[in-house]
Amino acid sequence: MKKILIVDDAVTVRMYHRQLMESMGFEVTEAENGIEALEKGIGEDFDLFLVDVNMPKKDGYRLVEEMRQVPELQAIPVMMISTEEDDLDKQKAYMAGANFYIVKPAKPDEL
Amino acid sequence: MDPMLESFIQESRENLEAAGHCFLELEKKPGDVELLNDLFRSMHTIKGSSGLFDIPALTRVVHAAEDVLDIVRSGGMELTPEHIDLFLDCMDQVGAWLDDLETSASLPKDAEAKGQASLRSHERFWDIQVHQNRFDL
């Protein structure tokens with residue numbers, strides 16, 4: 001079974017994405033912010049990170065930048081998710097090292 | 001009740017409470033960046049989560065408040081008593097709508113009209129700001 005780490009500070013959004021990803025056959029783990037994501041990500045063999053942009057402590061951009069410096073995490077695909085549709089936000093996500101950028105809430109056909 | 005809606009109501013109430021706390025602290029520490037960021041994040045979380053439900057009036061009102069806060073926290077303008085009045089109105093409205101969602105799982109029939117009235121208040125405020133900024137220049 002494929003493993004995904006959902007990183008978002010909003011409980012309700014995590015709940016929504018958990019249901020969605022489980023219905024698509026993923027085994028889901030959750031983290032509330034970038035610090036927790038790095039702690040959970042290292043040592044666990046995830047196939048995908050779904051990362052919110054705006055989070056306390058360590059936001060999505062910083063998380064992905066740091067992931068790309070960590071050997072165990074640098075090759076894991078990252079899908080960044082935000083309420084912002086602006087091209088500048090997308091650009092920042094790709095510059096940080098994200099592989100995909102989608103607007104929140106994610107829809108099944110997009111995923 | 002749908003567990004996701006129940007979670008949204010509880011989480012949004014917590015965020016409104018956190019925002020209220022930020023306003024109190026901002027009176028003591030005007031312009032504090034950390035407090036402004038926390039305030040922005042509270043509104044941002046309510047807005048983001050509200051998009052999971054069919055409650056566009058609530059989403060639009062919170063989005064408008066978030067937009068103003070984004071300008072304030074990036075130094076584009078100062079948080080004035082007029083801003084705070086707008087935010088408090090907005091928070092009261094959102095709080096009342098959360099109560100409606102809890103009892104009937106939907107917004108009242110007049111939500112769209114109330115939402116539009118709130119947005120017009122924001123627009124009037126913006127017109128004043130733009131005019132003042134031009135005047136200052």
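What percentage of the 137 residues in chain B is buried? Buried residues make up 33% of chain B. The model shown in these views is predicted.

**View 1. Chain B is built from helices.** Five helices and zero strands form the secondary structure of chain B. Along the sequence the pattern reads α-α-α-α-α. Of the contacts in chain B with a separation of 6 or more, 68% join residues 24 or more positions apart.

**View 2. Helix α2 of chain B is mostly covered.** This helix spans residues 33-50, which makes 18 residues. From first C-alpha to last, α2(B) reaches 26 Å. That is close to the 26 Å expected at 1.5 Å a residue. Of the 18 residues in α2(B), 14 are buried.

**View 3. Helices α3 and α4 of chain B cross at roughly 150°.** Helix α3(B) covers residues 56-73, and helix α4(B) covers residues 81-104. Their axes come within 10 Å. Angles over 145 degrees count as roughly antiparallel, and α3(B) and α4(B) are therefore roughly antiparallel to each other. The crossing of α3(B) and α4(B) is left-handed.

**View 4. Side by side, the residues where α3(B) meets α4(B).** From α3(B) come B:Leu58, B:Val61, B:Val62, B:Ala65, B:Val68 and B:Val72. From α4(B) come B:His83, B:Phe87, B:Cys90, B:Gln93, B:Val94 and B:Trp97. By class, this contact has ten nonpolar residues, two polar and no charged. An α-helix has 3.6 residues a turn, so residues three or four places apart point the same way.

**View 5. A:Tyr61 sits in helix α3 of chain A.** That helix runs over residues 60-67. Is A:Tyr61 buried or exposed? A:Tyr61 counts as buried because it has 21 C-beta neighbours inside 10 Å, where the cut-off is 20 or more. Beyond its neighbours within four places in sequence, A:Tyr61 is in contact with A:Val53, A:Lys92 and A:Ala96. A:Ala98 lies 37 residues from A:Tyr61 along the chain, yet their C-alpha atoms are separated by 8.4 Å.

**View 6. Chain A touches chain B.** Twelve residues of chain A and twelve residues of chain B take part in the contact. The chain A side has seven nonpolar, three polar and two charged residues.

Technical notes: Residues are numbered from 1 along each chain as its sequence is written. Chains are lettered from A and ligands numbered from 1 in the order in which they are written. This is a predicted model: local features need pLDDT of at least 70, side-chain atom pairs count only at pLDDT 80 or more; totals for chains, interfaces and linings use all residues. Two residues are in contact if their C-beta atoms, placed from the backbone, lie within 7 Å. Ala, Val, Leu, Ile, Met, Phe, Trp, Tyr, Cys and Pro count as nonpolar, Asp, Glu, Lys and Arg as charged, and the others, Gly among them, as polar. Helices (H or I, at least four residues) and strands (E, at least two) are DSSP runs, numbered from the N terminus. A residue is buried if 20 or more other C-beta atoms lie within 10 Å of its own, exposed if 12 or fewer, and partly exposed in between; C-beta atoms are placed from the backbone. The expected span of a helix is 1.5 Å times one less than its number of residues. Axes are lines fitted to C-alpha atoms, for helices over the stretch in contact, and angles run from 0 to 180 degrees between N-to-C directions. Angles under 35 degrees count as roughly parallel, over 145 as roughly antiparallel, 65 to 115 as roughly perpendicular and the rest as oblique. A crossing is left-handed if the near helix is turned anticlockwise from the far one by less than a right angle, and right-handed if clockwise.
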